[in-house]
Amino acid sequence: MDDILEILIQDARKTPAEIAKMTGKSENEVANIIDNYEKNGTILKYRAVLNPEHIAKADGAVRAWIEVKVTPQRGAGFDSIAERIYKFNEVKSCYLLSGGFDLLLLVEGKSLQEVAGFVSEKLSTLENVTSTSTHFLLKVYKENGDIFQTAEKKERLAISF
Amino acid sequence: MKKENLHKISSLVDELPPSGIRAFFDLVLGMDDVISLGVGEPDFVTPWHICEAAMFALEKGYTSYTSNRGLKELLEQISSYLKKERKVDYNPNTEILVTVGVSEAMDLLMRAILNAGDEVIIPEPCYVSYIPTVKLAGGNPVILPTWELPGFKVTAEEIKKRITPKTRALVLNYPSNPTGASYTKDELEKIAEVIIEKNILLISDEIYDHLSYDIEHTAMPSLPAMKERTIYLNGFSKGYAMTGFRLGYACGPEKIISAMTKIHQYTMLCAPIVSQMAAVEALKNGLPEVKKMAREYNRRRRLLVAGLNECGLKCHLPEGAFYAFASVESAGMTGMEFATELLKKEKVAVVPGEAFGSGGEKFIRLAYAASLNDIEEAIKRIKRFIGKK
């Protein structure tokens, strides 16, 4: 992956000036490259990575992964039923997978009841959905490469040859 | 024996200069909340798949000695790795010895090849163990100062000037601790010419070979006619972030490796088996992670060196390792004064140049094996320190 993208993935708030120093390019050059990435859709947006436990405490957010079996439609395959489903605001992610079920959804709600309500009232009742299986999130250990636990202090000497 | 002689120390050890830097180190270690650019090891934890292989080895009950030379599988892995990545072919049964870090290998080597009075040419600044290991083996270190040479690089001419009938070997460490200097293939060929012409050994410490940013690393023994004249030292500490595993290796002519193995067998027996098992995994699957760490060091390198030059501390862009070797002349202080005051006033730890040889008074070594945030904060503090001074 390009050096600039790798830096931005780790810290999107690094300025072109800072990135220029790290990569040996000029500030202008870096700004142009980032600009291009934004224009061609490589960089979609910048956002903060939140600690889900803190958010859960503050907002009472509940997350669940839902396996969905669907009947694909003639001419549209899985795409049109997937669209029907992922357009719900509650659905944060939606993937088509190989294996024992078809769609995997990440659904967020304020409470267990809210997520359960979404599944029973909205999702299961869709014509082409044949079955669902809901897994509520209990604890996040690692997400998108970030490990959610208090960092242990490493025993590295402060000075050595 | 007279009572006062009861605790007498051997004169060889007694005459080793006490590390003048010890007091400074104690000062650093006694302080809390220091931002440290003074560390000679990676800030990354060993890649997980390597740690996991070590755990698996323990679970399987690999807790015994290994053969003196090292585990067969590891010797074979080292051999095929060097063939593939470094273009040099060593026989795993006769030309490789697994050691407890390059430090042990260096000690074994000096003891194996030196007779009293034999000379070893050592470029300064250099890693702190070279001179003592030569002295402990009864040899005479001959210093080749590179403080004023472009990029702190050894040249063929400077080597030639120091060769006498007693010269046994030249030590070359590249990329270098503490300067980060490294050599292109052309530059190495010029050094090799002298080694061949004068018929001396080359001790090539290439422990930082994975951390070479601007130059494609060439291993000395891969050059024509150099394999028989080189003892190649490498290990897992730096590239694979495995310092605590204490594992290195030496490759060279069968006769020398056998002699080293003889000493190793009596003094160390073998390297720890768990570390050896971990190293097998490192060689099998470790390179992608090594390259990822190298990319990260490279960014930090540029950031640190740009910051130092902004502060007015002259520093050339080091080609490798994870050190910047900056001049503090413009601050009107010695390396030791600068490091001590910086530590006391701004709580930033760096290593005074004096640690790496006489002639180091003008320098400090800063390690960029530290997070980007720490490097940025350290530069901010160094700027403030120089402004206030």
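A: In chain A, buried residues make up 16% of the 161 residues, where a residue is buried if 20 or more other C-beta atoms lie within 10 Å of its own, exposed if 12 or fewer, and partly exposed in between, with the C-beta atoms placed from the backbone. The model is a predicted one, in which local features need pLDDT of at least 70 and side-chain atom pairs count only at pLDDT 80 or more, while totals for chains, interfaces and linings use all residues. Residues are numbered from 1 along each chain as its sequence is written, and chains are lettered from A and ligands numbered from 1 in the order in which they are written.

Chain A holds six helices and six strands, which are DSSP runs numbered from the N terminus, a helix being H or I over at least four residues and a strand being E over at least two. Read from the N terminus, the order of these elements in chain A is α-α-α-α-β-α-β-β-α-β-β-β. With a radius of gyration of 21 Å, well over the 15 Å that the globule rule gives for 161 residues, chain A is more spread out than a compact globule; this radius is taken over C-alpha atoms, and the rule is 2.2 Å times the number of residues to the power 0.38. Along the principal axes, the C-alpha atoms of chain A fill a box of roughly 65 × 40 × 30 Å. Chain A is divided into domain 1 (3-39) and domain 2 (52-139), with bounds that come from an automatic or database domain assignment, and the C-alpha centres of these two domains of chain A lie 36 Å apart.

Where the chains meet, 12 residues of chain A are in contact with 20 residues of chain B, contact here being a pair of C-beta atoms, placed from the backbone, that lie within 7 Å. On the side of chain A that touches chain B, the elements that give two or more residues are α1 (3-10) and α2 (16-23) of chain A. The most comes from α2(A), which gives three residues to that side. By class, this side of chain A has six nonpolar, three polar and three charged residues, where Ala, Val, Leu, Ile, Met, Phe, Trp, Tyr, Cys and Pro count as nonpolar, Asp, Glu, Lys and Arg as charged, and the others, Gly among them, as polar.

Chain B has 13 helices and 12 strands. Its radius of gyration of 21 Å agrees with the value near 21 Å that a compact globule of 389 residues would have, and 50% of the 389 residues of chain B count as buried. The domain assignment of chain B gives domain 1 (3-46 + 288-388) and domain 2 (48-285), and 24 Å separate the centres of these two domains of chain B, taken over C-alpha atoms. Their contact takes 30 residues from domain 1 of chain B and 35 residues from domain 2 of chain B. On the side of domain 1 of chain B that touches domain 2 of chain B, α11 (287-310) and β9 (323-327) of chain B are the elements that give two or more residues. Here α11(B) gives the most, with six residues.

The close look now turns to helix α8 of chain B. This helix (residues 185-198) has 14 residues and reaches 20 Å from its first C-alpha to its last, close to the 20 Å expected at 1.5 Å a residue, the expected span being 1.5 Å times one less than the number of residues. Its buried residues are Leu188(B), Ile191(B), Ala192(B) and Ile195(B). They cover an arc of only 105° around the axis, which puts them on the same side of α8(B); the arc is that of the directions from the helix axis to the C-beta atoms. An α-helix has 3.6 residues a turn, so residues three or four places apart point the same way. On the other side of α8(B), Asp186(B) and Glu197(B) are exposed. The buried residues of α8(B) pack against α7 (156-161), β5 (167-173) and β6 (201-205) of chain B. After α8(B) comes Asn199(B), whose phi is positive, near 55°.

Methods. Two residues are in contact if their C-beta atoms, placed from the backbone, lie within 7 Å.
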